[in-house]
Amino acid sequence: MTLPKDVDVVVVGAGAAGIGTGVALSHLELETVILERDEIGASFRRWPDEMRFITPSFPSNSFELTDLNAVTPNTSPAVTLDREHPSGDEYADYLEAVADFHELSVETGVEVTGLRNRDAETGTTPASTESDAAPAVDGGFVLETTDERVHSESVVWATGQFGSPRQDVFPGADACSHTSEVSRGPTTRPRAVRTTS
Ligand SMILES: Cc1cc2nc3c(=O)[nH]c(=O)nc-3n(C[C@H](O)[C@H](O)[C@H](O)COP(=O)(O)OP(=O)(O)OC[C@H]3O[C@@H](n4cnc5c(N)ncnc54)[C@H](O)[C@@H]3O)c2cc1C
C-alpha cells in the first residue's frame with residue numbers, strides 16, 4: 001500500500017464522524033485521506049446482531065428535515081436501508097455507500113500509532129506570539145502509522161470511544177458489561193420453562 005506522503009488533512013477513523021467529516025472536507029477541495037485501522041464503520045460491524053440504533057431514522061422529507069442519523073445533509077439511512085432503527089451492519093453499509101458515492105480516499109487497515117507537531121521533528125520552534133496564549137502552530141503534523149509516515153497540515157481525530165471503554169468511572173462500574181464487550185451473534189435468551197402440575 002502506498003499512502004500519500006503529504007496532504008492537507010488526515011482524518012483518523014472511518015466511523016460516522018470520520019466519513020461525515022470527509023464529505024464536508026471534499027466540498028472544500030482539500031486533499032484529504034481517511035486512515036482507518038480496520039474497515040469503514042468498524043465499530044458498527046462489531047455490534048451484536050440484535051443491537052439497533054436508538055434514534056429513529058426517518059427522512060421527514062415533508063418538512064425537509066435531516067434524518068437524525070445521517071452523516072451528510074442530503075442522505076438518509078432510513079431511505080437507503082428502508083429501516084427506522086438500523087442494525088450495526090446496516091449502518092456500516094450506509095457509511096460505505098456514502099464514502100463510495102463521494103469517492104472519499106479511505107485507507108483501511110492502517111492504524112495511526114503516533115501524532116506529533118512537525119516542528120518537533122525538524123527541531124524548529126513555532127514562532128512566539130506577544131500574548132501569553134499558546135503560539136500558533138503552522139508546521140502541520142507528522143502521523144506515524146502501521147504503514148508509512150504521513151505529513152499533514154491538519155488532523156481530525158475521529159476515533160470514537162466505542163473501542164476504548166473506561167471501566168473505572170464510578171465504584172462498581174466493573175460489574176457492568178460495556179456494549180463493545182458484548183460478543184457478536186444472536187444472544188442466547190433463557191427459554192421459558194413450562195411447568196406441569
Ligand atoms: C446500542 C447503540 C445505539 C446507538 N444509537 C445511536 C443512535 O440512534 N443515533 C446516534 O447518533 N448514535 C447512536 N449511537 C452512538 C454511535 O454509535 C456513536 O456515537 C458513533 O459510533 C460515534 O461515531 P465515531 O465516528 O465518533 O466513532 P466510531 O464509529 O467508533 O468510529 C471510530 C473509528 O476509528 C477507528 N480507529 C480507532 N482508533 C484508530 C487509530 N488509532 N487509527 C486508525 N483508526 C482508528 C475505529 O476502527 C473506528 O472505525 C449508538 C451506540 C450504541 C452502542
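Visitor: Hi! How many helices and strands does the protein chain have?

Guide: The protein chain has five helices and six strands; helices (H or I, at least four residues) and strands (E, at least two) are DSSP runs, numbered from the N terminus. This is a predicted model, where local features need pLDDT of at least 70, side-chain atom pairs count only at pLDDT 80 or more, and totals for chains, interfaces and linings use all residues. Residues are numbered from 1 along each chain as its sequence is written, and side-chain values use heavy atoms, with hydrogens and water left out.

Visitor: In what order do the elements run from the N terminus on?

Guide: They run β-α-β-α-α-α-β-β-α-β-β.

Visitor: And what is the strand order in the open sheet?

Guide: The six strands are ordered β3-β2-β1-β6-β5-β4, and their pairing is mixed. Two strands pair if DSSP finds at least two bridges between them.

Visitor: Which strands stand at the edges?

Guide: Those are β3 (106-108) and β4 (112-117). Each has a single partner strand, so one side of each is left without a neighbour in the sheet.

Visitor: How do β4 and β5 run, parallel or antiparallel?

Guide: They run antiparallel, and five bridges join β4 to strand β5 (residues 141-145). For example, Gly114 has Glu144 in β5 as its bridge partner.

Visitor: Switching topic: how many aromatic pairs are there in the whole structure?

Guide: A search finds six. Rings of Phe, Tyr and Trp (its six-membered ring) pair if their centres lie within 6.5 Å; planes under 30 degrees apart count as stacked, over 60 as edge-to-face and the rest as tilted. One of the pairs is Phe44 and Trp47: the ring centres are 5.4 Å apart and the planes are at 50 degrees, so this pair is tilted.

Visitor: What about Phe53 and Tyr91, what kind of aromatic pair do they form?

Guide: A tilted one, with 4.4 Å centre to centre and 35 degrees between the planes. Phe53 lies in the loop between α2 (42-45) and α3 (77-81) and Tyr91 in helix α4 (residues 88-101), so the pair ties together parts that are 38 residues apart in sequence. Phe53 is buried at 12% relative accessibility, and Tyr91 is buried at 2%.

Visitor: Which residues form the aromatic cluster?

Guide: Phe44, Trp47, Phe53, Tyr91 and Tyr94 form one cluster.

Terms used. Buried means under 20% relative accessible area, exposed over 50%, partly exposed in between (1.4 Å probe, protein chains only).
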